[in-house]
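Q: Please take a close look at the place where the two chains meet. Which parts build it, and what lies around it?

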Amino acid sequence: MMGIGKTMAQGVSFEAKVSKRTLGLNERLRVDFIMNENGDDFTPPAFKGFRVVGGPNQSISNSWVNGKRSFSKTYTYFLTPTQKGALVITQASIDIDGEIYKTSPVRITVTEAVEVPRDPNSPEYLIDDNLHLVAEISNSQPYLNEAITVVYKLYFRNPLRISDGRAVENPQFADFWSHNINIPRLKVENGTYKGEAYNVVVWRKSVLYPQKTGKLSLEPLSLSLVIELPSNRRDFFGNRIVQQSSRTITAGRRTINVKPLPEKGKPANFFGAVGQFDFDALLNKKSLKATESFEIKLKVTGNGNLKLFNLPKLVLPNTLEVFEPEHSENVKTTLSGMKGNIQDNYTIVPRFQGKYPIAPVSFSYFDPKKEKYFTLRSSEQIVDVYGGPVVSSSSDKKSAMTNQLITNSDDSFRFIKLNSKLEPIVKKVFWDSKLFYLLLTSPFLLLIIFVLIIQRNLKISKDVEGSRLRLANRLSKRYLGEAKKNLKNKGRFYDALERALYNYLKARLKIKTDDFNKNKIAKFLDLRKLEKEEIQSFIALLENCEVARYSPATDVKMQQDFDQALSVISNIDKKL
Amino acid sequence: MNTVSKLFLMLILCLGTSAWGQEKNLDFENANSAYNTGQFERAVMLYKKILEEGQHSAELYFNLANSYYRLNQVGESIFYFEKAKQLSPNDQDIIVNSSFAQNMAIDAVELLPKPQITQLQEKIIDLLTQDGWAFLSVLLTWILVFFWGLYLWNNVPVFKRIFFVFTLVSGLLLIGSLSTAFIKSSKATKTTYGILFNKKVEVWAEPNKRAEVLFLLHEGTKVQMLDQLQEWQKIRIANGSEGWIKDGEVRSLKGFK
């Protein structure tokens with residue numbers, strides 16, 4: 001606002017002040033040329049593009065305070081623009097004590113006609129012109145879950161004074177995770193707004209994490225303010241009467257375009273962490289006794305939406321008893337976002353001895369600054385558990401578990417076996433082989449052969465003609481053997497034949513007596529129910545033996561008698 | 001009779017061959033000492049060399065599994081323990097160490113309770129190996145035929161009666177052992193088990209991605225391999241749940257690798 005003039009002598013100032021720099025075509029502008037020493041020969045500028053509607057009005061004020069004089073002389077013009085565009089109020093000049101002083105040119109922008117021409121002195125106009133509520137948004141195009149901040153600042157300047165203020169409507173940030181940063185005391189500071197000096201009050205600070213993609217609108221903040229502004233009236237003592245007016249002011253209806261996280265290169269285990277993080281899995285024990293407990297901490301440290309994502313789950317062997325993880329957060333929210341660490345604390349109790357691998361856990365996050373995904377992996381660790389029972393084989397697990405707890409409590413990992421019978425892998429399989437079927441069926445074939453042999457024997461024994469022949473053979477071998485040997489010697493032959501016949505009867509009929517005669521024999525044989533003819537032929541044979549001993553007989557006759565004896569014996573034998 | 005004695009000779013030879021391959025294997029010895037000094041990678045390498053040479057044994061698989069356990073490779077360890085169990089199902093050392101390896105696995109599959117009859121049946125089937133049942137059947141056949149022959153040949157009623165009873169008993173035993181052998185063989189061909197080697201794999205309701213994910217499985221879980229459709233493999237786990245996995249690394253326990 002200040003156009004500082006050339007100051008040739010010390011303390012002399014000559015300046016041009018305008019009521020506003022931008023105005024509508026149908027509005028008025030007030031220009032003051034102020035000097036602090038009296039001068040003559042004031043030459044106003046040409047006011048090209050303006051029409052002078054009032055003035056020049058001259059006013060002088062002269063006062064002594066504590067012996068110190070302060071002087072001011074003002075020429076005032078009221079102008080109305082005649083054309084649109086950028087206009088310049090050129091230099092005015094004055095002669096003070098023989099020196100020529102000039103003001104700086106002032107640039108004025110003339111816009112389209114405004115609907116309601118405003119009176120620069122009305123309170124409405126003053127408030128509108130000198131009070132601004134501004135929402136400053138750090139990033140209007142954030143990624144999903146990237147922190148943005150909204151700072152509401154209230155700018156005001158003289159002649160306004162704010163005596164009271166309260167929020168009519170606090171914005172509810174739907175679709176955002178929001179955190180309001182507490183401001184303990186409102187403080188008035190110096191600041192600039194659009195290049196001009198203002199007093200600033202930071203009214204509200206919020207950190208927002210967008211939870212949805214697309215165009216999201218921010219609800220505005222409305223403040224109800226009680227404003228004191230000087231009126232034109234003066235009280236009895238000449239002081240200006242301060243007028244109070246209340247005003248509701250709104251700001252911050254903004255649209256934020258939330259970008260989705262890039263799909264390209266998105267890791268499978270991405271759970272929505274956005275920021276800069278560090279990840280670690282910490283084990284408090286590497287080896288322990290069974291039924292003692294150990295802890296695994298999954299910890300994420302860094303900057304980002306710490307409260308808004310889940311930690312990756314720990315994958316553990318089935319035989320470990322795992323309790324629900326204890327979640328703890330140590331997060332501070334500042335204007336730059338959330339900062340700190342979150343952790344999941346798993347308490348694990350191994351019940352059986354053995355080695356338990358803790359599979360590496362990977363944690364992925366998106367860094368909005370580098371616009372890239374990062375994956376951090378914890379290293380694989382192994383917990384060694386000693387001194388407990390072993391889980392037995394998978395079959396009938398339940399009973400084994402309880403059993404082994406008591407009985408078999410120090411079953412440890414067994415050592416390798418030192419002796420082995422190595423066999424060829426591709427072994428000839430006996431089952432289903434030709435040899436197998438051969439060995440399986442061959443005994444039955446043998447059995448069939450065996451049965452056939454037995455049956456043949458039976459058949460032979462049943463054959464009458466054959467059996468007689470065989471019987472005769474046998475009998476002749478037993479009884480007529482001697483007779484057969486002596487076929488050449490007549491006397492001996494018949495002697496042997498007779499003895500054989502007696503012997504046969506003795507053996508067959510079980511007769512113990514030695515005195516055989518023909519009648520006795522006949523009686524015996526009759527008793528055995530032999531037919532008359534057969535008895536007769538036997539007796540005849542005996543008689544023949546006796547006769548033949550003393551009579552000439554040929555070899556042929558002897559052979560005949562031998563054959564007859566054979567047939568008689570075998571006939572009788574069958575009947576007996 | 002001559003052919004039969006030849007067959008018997010062959011049988012004895014067959015049984016004998018396994019005893020002949022008992023000479024100490026240098027690689028096996030070296031691997032054992034490597035294991036004992038903590039060089040588990042070297043032990044694994046040597047044990048695998050024996051396997052590649054075409055030889056195996058329950059002890060070899062057991063030692064290999066132990067080495068993998070020491071190297072914290074869950075899947076491999078469980079796989080070779082299972083292989084050891086196949087060859088020697090009732091070895092206590094194998095059962096104990098196998099449970100250590102099971103501890104390391106992430107999935108805990110609750111077993112479906114089996115009816116007692118099935119349990120008994122499985123116990124009986126596992127009493128002998130496939131060839132064991134085959135040999136027993138052959139032996140019983142010979143005993144049966146021997147007694148049958150005696151029964152037919154003998155004429156004394158008391159002996160005949162005794163031999164008849166013997167024949168009957170051995171005949172029943174033969175039927176039993178033969179049917180067990182058949183059941184075991186058909187079971188072995190029908191059901192294939194495998195060990196999962198994927199770190200994590202999703203199990204789907206249908207062999208396409210439009211279906212829903214039923215559950216997750218991790219490395220080291222024993223699954224039964226059912227149907228196959230392109231890159232999808234149908235599996236069943238011990239608690240009876242079934243599903244399809246895609247690009248699953250399931251190593252069949254049937255193969256010897």
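A: The answer starts with the model and its confidence, then turns to the contact and the elements around it.

This is a predicted model, in which local features need pLDDT of at least 70, side-chain atom pairs count only at pLDDT 80 or more, and totals for chains, interfaces and linings use all residues. Residues are numbered from 1 along each chain as its sequence is written, with chains lettered from A and ligands numbered from 1 in the order in which they are written.

Confidence comes first. The predictor gives the complex an ipTM of 0.73 and a pTM of 0.52. The average pLDDT (the predictor's confidence in each residue, from 0 to 100) is 79 for chain A, where 88% of the residues score at least 70. Where pLDDT is low, the predicted coordinates should not be read in detail.

Now the contact itself. Two residues are in contact if their C-beta atoms, placed from the backbone, lie within 7 Å. Chain A brings 47 residues and chain B brings 54 residues. Three elements of chain A each supply at least two residues to the side that touches chain B: β28 (354-358), β32 (423-424) and α3 (434-462). Of these, α3(A) gives the most, with 13 residues. Helices here are DSSP runs of H or I with at least four residues, strands are DSSP runs of E with at least two, and both are numbered from the N terminus. By class, this side of chain A has 30 nonpolar, nine polar and eight charged residues. Ala, Val, Leu, Ile, Met, Phe, Trp, Tyr, Cys and Pro count as nonpolar, Asp, Glu, Lys and Arg as charged, and the others, Gly among them, as polar.

Strand pairing also links the chains. Two strands pair if DSSP finds at least two bridges between them. β32(A) runs antiparallel to strand β1 (residues 55-56) of chain B, over two bridges. Here E423(A) stands opposite H56(B).

On the chain B side, consider Q130(B). This residue is found in helix α8 (residues 130-153) of chain B. Leaving aside neighbours within four places in sequence, Q130(B) is in contact with W431(A), A181(B), K184(B) and S185(B). K184(B) is 54 residues away in sequence, yet its C-alpha is 6.9 Å from that of Q130(B). Q130(B) has 17 other C-beta atoms within 10 Å, so it is partly exposed. The cut-offs, with C-beta atoms placed from the backbone, are 20 or more other C-beta atoms within 10 Å for buried, 12 or fewer for exposed, and partly exposed in between.

A181(B) and K184(B) are among the buried residues of α9(B), along with F163(B), T167(B), S170(B), L174(B) and S177(B). These buried residues pack against α7 (116-125) and α8 of chain B. Helix α9 (residues 157-190) of chain B has 34 residues and reaches 49 Å from its first C-alpha to its last, close to the 50 Å expected at 1.5 Å a residue. That expected span is 1.5 Å times one less than the number of residues.

Back in chain A, β28 belongs to an open sheet of three strands. The order is β23-β31-β28, with mixed pairing. β23 (287-289) and β28 of chain A stand at the edges with a single partner strand each, so one side of each is left without a neighbour in the sheet. β23(A) pairs with strand β31 (residues 381-386) of chain A in the parallel sense, over three bridges. Within that pair, K289(A) has Y386(A) as its bridge partner.

In short, α3(A) leads the chain A side of the contact, and the pair of β32(A) with β1(B) joins the two chains.
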